Every structure is written in C-alpha cells, then in structure tokens.
Amino acid sequence: MRLKLEKKAHSGLRIVPLTLMIAAPVLLAGAVLFEAVGADPLAAYAVMLQGALGNWFNCSEVLVKAIPLMLTGLAVAVAARMQLWNIGCEGQLVCGGIFAAGFALYAADALPAPAVIPILILAGFAGGALWALIPALLKARWNVNEIISTLMFNYVAVILMQHLYFGPWRDPMGRGFPGTAMFVRSAWLPRFFHTRIHLGLFIALGAALLLYYSLGHTTWGYRVTVIGLSPQAARYANFDAGRQQIAVLLISGGLAGLAGMGEVCGIHLRLQQGLAVGYGYDGIIVAFLAYLNPLAVPLVALLLAGLIVGGEQLQAVAHLPASISMVLEGCLLLAILAATVFSTHRLRIVRDDEEGP
Amino acid sequence: MDDLIFIVAITLKSSPAVLLASLGELISERGGILNLGVEGMMLVGALAGFVTARQSASLALGLCGAMAAAGLLALLHAFLCVHLRADQVISGLAVTILGTGLSSFLGRPFIGQTGLHFSSIGGTWIDGLPLIGPLLAQQNLFGLLCLAAVPALMYLLGRTWLGLYIRAAGQDPAAADAAGVPVAAIRYGCTLFGGCMAGLAGAYLSLAYTPGWKEGMTGGQGWIAIAMVIFATWHPLRALLGALLFGLLNALQFYFQATGIELIPAYILHMLPYLLTVGVLVLVTVLEKPVLGSVPGALGKPFSREE
C-alpha cells in the first residue's frame, strides 16, 4: 500500500474551498501553540484581530507595516519570475537604509530642501542594488548559487550597520543610545492623514504598477519570463541571459533598498536598531502568496502586515510573544504550497497490486 | 606554541555544529532532496535539546528530544517534496521560517535559564598527554563523537547497499526505481536523517558550545552548512574540511579578541565566516565545474513513476 498523487479529472478548486484549505491548518496550528503556552486560542485570535483592525490608528499601522512588505515582496517576485531566488532582501533593505542614512546625515543639509527627497529615494535604491550586485555578478558569470550568496550577505549587512551606529555614525549627543542622530527635517519622508503612513506607500504602489506593466506588456518582460521558464528557448532566441539576470537582481535589490530607505526616513528618522526585523524574509512569503503577480503583492502585503501588527498587539496586550506571527507565516507558506498541489491533484491510497505497468 | 594550541582547540570546538548539519544535508541531497530548512531545524533542535535535557535531567534524552523535534519538521518537508512533489526551495524556506518562529515563540520562558550541558573532558589524565593533552582537555564528548560520523557516513555511502540506494535515488530515480529501489522511502529516510542531524547540530550549540537557549542562536550556521555541502562536492570527508575551516575562522576571532591584537577590525572579523562562505562557494564553482558527477543528478527534482 502506498500514497499516490494523481491528477484530478476536474482540476481547479473554487476560491472558497481553497481559502478554507489554506486558512484552517494555519489557524489550527496557531491554536495548538496558544494552548501549549496556556492561552485561550479564541481570545488570542480576538486580540490579534482587534489589534490589527480595531480602530483607525491600528488600521493605519497595518498600512505602515505593509509598505516595506510590498517592496520586498515585489523584489522577491521580480527575481523569481526569472527563477532567481533573492533571499537577500533583508541585507539589501539594510544597505538601502545605510545609504539613505549616510546621505541624510552628511549631505542633506547642504542641499536645497526640494532636492533631498528624490536623492534619498535614489540613494535607497542604489544601496539595495549595490548589495545585490556581487551575488548577481557571481550568478551571471559563474552560476554561483544565489540562494546562499544573497543570504550570506544579509548577515554581513547587519554587522556593517551595527558597526556604523555603534561606531563612527553614533549620535555624539545620544548618551550611548545605539543609533545615529536624528536626520534634518528635509530628509523626513512626508507623512499623510495624521498617521505614520509615508511617501513609501505611493512609491511601493507605483513600483507594483510599473512592474506589472513592464513584466506583462514589454519585450523586456517577455524576455525575463522566457529566460525564467525555459533557459534553452532563451538561448535559442539569443537572449543574453546573464545580462538579464544581473539587471533583474539589481532591480530586485533596489526595491528592497527602497523598503529600507522608507523605514529609515519615513519611520525611524535615524539609523538605529530595529531596521533588520525580517521584512526581507517576509517578502518571500508575500511574493509566493501573490503567485508572483505584482498587482496581487500589495493586497497580500496588507494581509501579512495585519498578521504582524496583530502579533505585536498580542505581545503588548496579552504578553504572548509576537513571534506567533512568524509561526503563522511559515504555516501559511506551507499551506499554500500544499493547496497549490491539491488544486490540481489528489492523494489516493493504492494497493501495490492495483498498479499497472 | 600555546597560541597554536589555543587556536586549534577552539577550531575543534566551534566546528561540530556545522559539521553535523552539513553531513545531514549531504545525505539528504545525495538522496535527491534539497533541504533549505536546516537553519530552522537547528533552532528547533537547539531549543528542544536544551529544554528536554533540563526537564529530564538527562543529556541523552536531550539529544533525543532535539532529533525528534527537528525530525518532525523534516518529515513535513519530506511529505511536501516526495508525496506532493512541491517546490523544494519554497518548502525549505517555509520550514526555516516556521522553525525560527516556533523556537522564538516557545523558547521565551527559557531565555537566560541554566540547564545541563556537556562539560569539557579536561581535569583528568587527559591533561597529561603529550602535545594533544591540552588540546583535548577543552573538548567535550559530544563534539568528539561528531567526528566519528565522518568515517561512518563515508562507509555507508561508499560501501553498503543502502549507500548505493541513496546515491541511485539522487542520481537517477527513474533507473533506480526500475531496478527496484524504493525511491520514495529512501528519500523520506534521507530527509529525516538530515533533519535529525540538524537537530543534533542545534543541540550541540545549546548543550555544549554556548550552553543555554538564546533566540536565533544559530546565527546562520544552518545556511553555512548548506554552503559547505556544495564546497564538499557531496563528500563527507570534504564536509569535515569545510566545517574545520568555519571553526578556524571562529577561533581566529576569539584569538584576536583574547590577545587584543587588532590586525583586522572586529566587525570585519565577524563578517568573515559569511564572506568566506561565499568565497569558497565561488572557488568550488569556478574551479571544479568540469568535475562531472559531483552534483547529484536529480537534486531538487521531484520523482514520480508516471512522468
């Protein structure tokens, strides 16, 4: 007797059973964990829901958290369109933050105020792209595994950032506070609606539209897709795969860098501890939940941001670790993976003697 | 001379976690399943090992707990990859995220707690041994036993029918299946073995190397282990070399800190293990590309009899 995966006659699940199939195991896993630490699962979920959507301010915080997730989600998605795994968004985010902070600290006050924000955006993008450059070159030139190289650079970026804010960039007036001085006013991203929602939201939405258009409706996007789906066909069509790999990874890194710039110049207003909190890794989940569709990324980012804000509220209100959101994220990704298979296949127990030739 | 003994002793002490994890990953990949969940499995293993040993007052049970917890995650990965033929990269990443979250969520009450740990074997007749005495004195039994896994796995892979089955399942599952190798079972077994080894690797950190539980205490060693498998070109002996290289970098860090010599700034030293991992990866990819047959032929590819 063994388990056998076979194609269904009528493939495709409806959206409702699919959602249930994804949500049920995730919520169940969370409930088991809450029980394990002696909390009431229903009450805990209620706190999370309340925390994410309970009032206008909390809702706005979900939007605020969704900004970096949208950008890192887009970053992972655009690379994955070409079968490249950019697991290094965390480091690229940090490097974008470092570049933006360096500019804001040491050059912004010498420039006319209206010029500062555009340069900051460029600096953030450049920082992230630069951090992706070495893995990109290694991949294109020697086919060095980009999963490992981008990931290793995450640790390097975080160490570099800590060195900067503990060392040469530390605020001299900060009395030992691990962080730089606060930026000059002109380097703060504008905020809207009396909340912490900042310019990054519109940058992220713009990037999503731009990527949707350029991936789906330009020859460049067509090349990227072909190289991703069939390297052989791409070679036959004489597409320069190596150059496109570099371009796509630089764009991917740049998007993650923008996320870091947004956090640093829109939220923290200085370079400090708490920049590398996993948005880069969350981007992987966002991208795959969105099935690599740039237009779906903002919606999925909102969902995940709700989960994270809910988790933070759970910690603040019920004193349960906020890392529950990470557990739920992991389960979510696993459930999506399984549900994707089950939408076209089913598992059946077969006896060995049933087996045909 | 004393400096040299210090460096070699710390090298030996800091390499077992990477060694265990990369040996496990090596077997898993030889069987055809890429497991990117190692980092998460190590974290879960570290926590489970520490807590089990503490509650049961038995180090042996602690190791079993670590293997069981990480093994469960590995079974999840195996189910998705073998039976559902899901994407192994995404599944592995999901397992790492899940494992990191789980260990952080469940481990909070144990941060800063003290428990059992493997103590060094010094203070006995071992100290008196010429030359290797002071070197061995700083080691612990667990770390030394890890070394035995290298010849054991070399024997298993190269000289037994099971090793042949494993290599066949990873190299050409269709041919293996036709020859009667139970490919699915072998792949399950290899992934489970990889998970258990990752769990042990985590337990080495929480029970021997830096006793106690700390969030994210693996610091990327799981990922380094995966890179070391590529560096090792899927051979156990070279995995030992990779792990020792990692240990040496760690030892140099300690050495410079302890002696106050600042040839290289401290933060650069901290970066070195990660940068050098990328470095050896490049070297091995560039130099050894012509060596055919080192990469398991069907690595990362799901197998089904029908297709």
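**A conversation about the two chains**

Guide: I begin with chain B, whose elements, read from the N terminus, run α-α-α-α-α-α-α-α-α-α-α-α-α. This is a predicted model.

Visitor: How many helices and strands does chain B have?
Guide: Chain B comes to 13 helices and 0 strands. Its radius of gyration is 19 Å, close to the 19 Å from the globule rule for 307 residues, so chain B is as compact as a globular protein of that length.

Visitor: What box do its C-alpha atoms fill?
Guide: Taken along the principal axes, the box for the C-alpha atoms of chain B is roughly 60 × 45 × 40 Å. Of the 307 residues in chain B, 54% count as buried. Among contacts in chain B with a separation of 6 or more, 78% join residues 24 or more positions apart.

Visitor: And what pLDDT does chain B average?
Guide: The average pLDDT of chain B is 87, and 96% of the residues score at least 70. For the complex, the predictor gives an ipTM of 0.88 and a pTM of 0.90.

Visitor: Now chain A. How many helices and strands there?
Guide: Chain A has 13 helices and 2 strands. With a radius of gyration of 22 Å, close to the 21 Å that the globule rule gives for 357 residues, chain A is as compact as a globular protein of that length. The C-alpha trace of chain A spans about 80 × 60 × 35 Å along its principal axes.

Visitor: What share of chain A is buried?
Guide: Of its 357 residues, 49% count as buried. As for contacts in chain A with a separation of 6 or more, residues 24 or more positions apart account for 79%.

Visitor: Could you pick out one helix of chain A?
Guide: Helix α12 of chain A, residues 297–318, has 22 residues. From first C-alpha to last, α12(A) reaches 31 Å, close to the 32 Å expected at 1.5 Å a residue. His319(A) follows α12(A) and has a positive phi, near 55°.

Visitor: Turning to the interface, how many residues are in contact?
Guide: In chain B, 37 residues are in contact with 35 residues of chain A. On the chain B side, the elements that give two or more residues are α4 (59–83), α5 (88–107), α11 (221–231) and α13 (266–287). The largest share of that side, 12 residues, comes from α5(B).

Visitor: What is that side like by class?
Guide: The side of chain B that touches chain A has 24 nonpolar, 10 polar and 3 charged residues.

Visitor: Which residues of chain B does Asn145(A) touch?
Guide: Not counting residues up to four places away in sequence, Asn145(A) touches Ile230(B) and Leu281(B). Asn145(A) lies in the loop between α5 (113–142) and α6 (146–166) of chain A.

Visitor: Why does Asn145(A) count as partly exposed?
Guide: Asn145(A) counts as partly exposed because it has 19 C-beta neighbours inside 10 Å, whereas a buried residue needs 20 or more.

Visitor: Lastly, which residues touch the most other members of the largest nonpolar core?
Guide: Leu71(A), Leu74(A) and Leu20(B) do so, in a core of 226 residues. Helix α10 of chain B, residues 183–209, gives the largest share of this core, 18 residues.

Visitor: And what does Leu74(A) touch?
Guide: Leaving aside residues up to four places away in sequence, Leu74(A) touches Ala207(A), Ala208(A), Leu211(A), Leu255(A), Pro294(A) and Val297(A).

Notes:
Residues numbered from 1 in each chain as written. Chains lettered and ligands numbered in written order. Predicted model: local features only at pLDDT ≥ 70, side-chain atom pairs only at ≥ 80, totals over all residues. Contact = placed C-beta atoms within 7 Å. Helix = DSSP H or I, 4+ residues; strand = E, 2+ residues; numbered from the N terminus. Nonpolar A, V, L, I, M, F, W, Y, C, P; charged D, E, K, R; others polar. Buried ≥ 20, exposed ≤ 12 C-beta atoms within 10 Å, placed from the backbone. Rg over C-alpha atoms; globule rule 2.2 N^0.38 Å. Expected span 1.5 Å × (residues − 1). pLDDT = per-residue confidence, 0-100. Core = buried A, V, L, I, M, F, W, Y, C linked by C-beta atoms within 7 Å.
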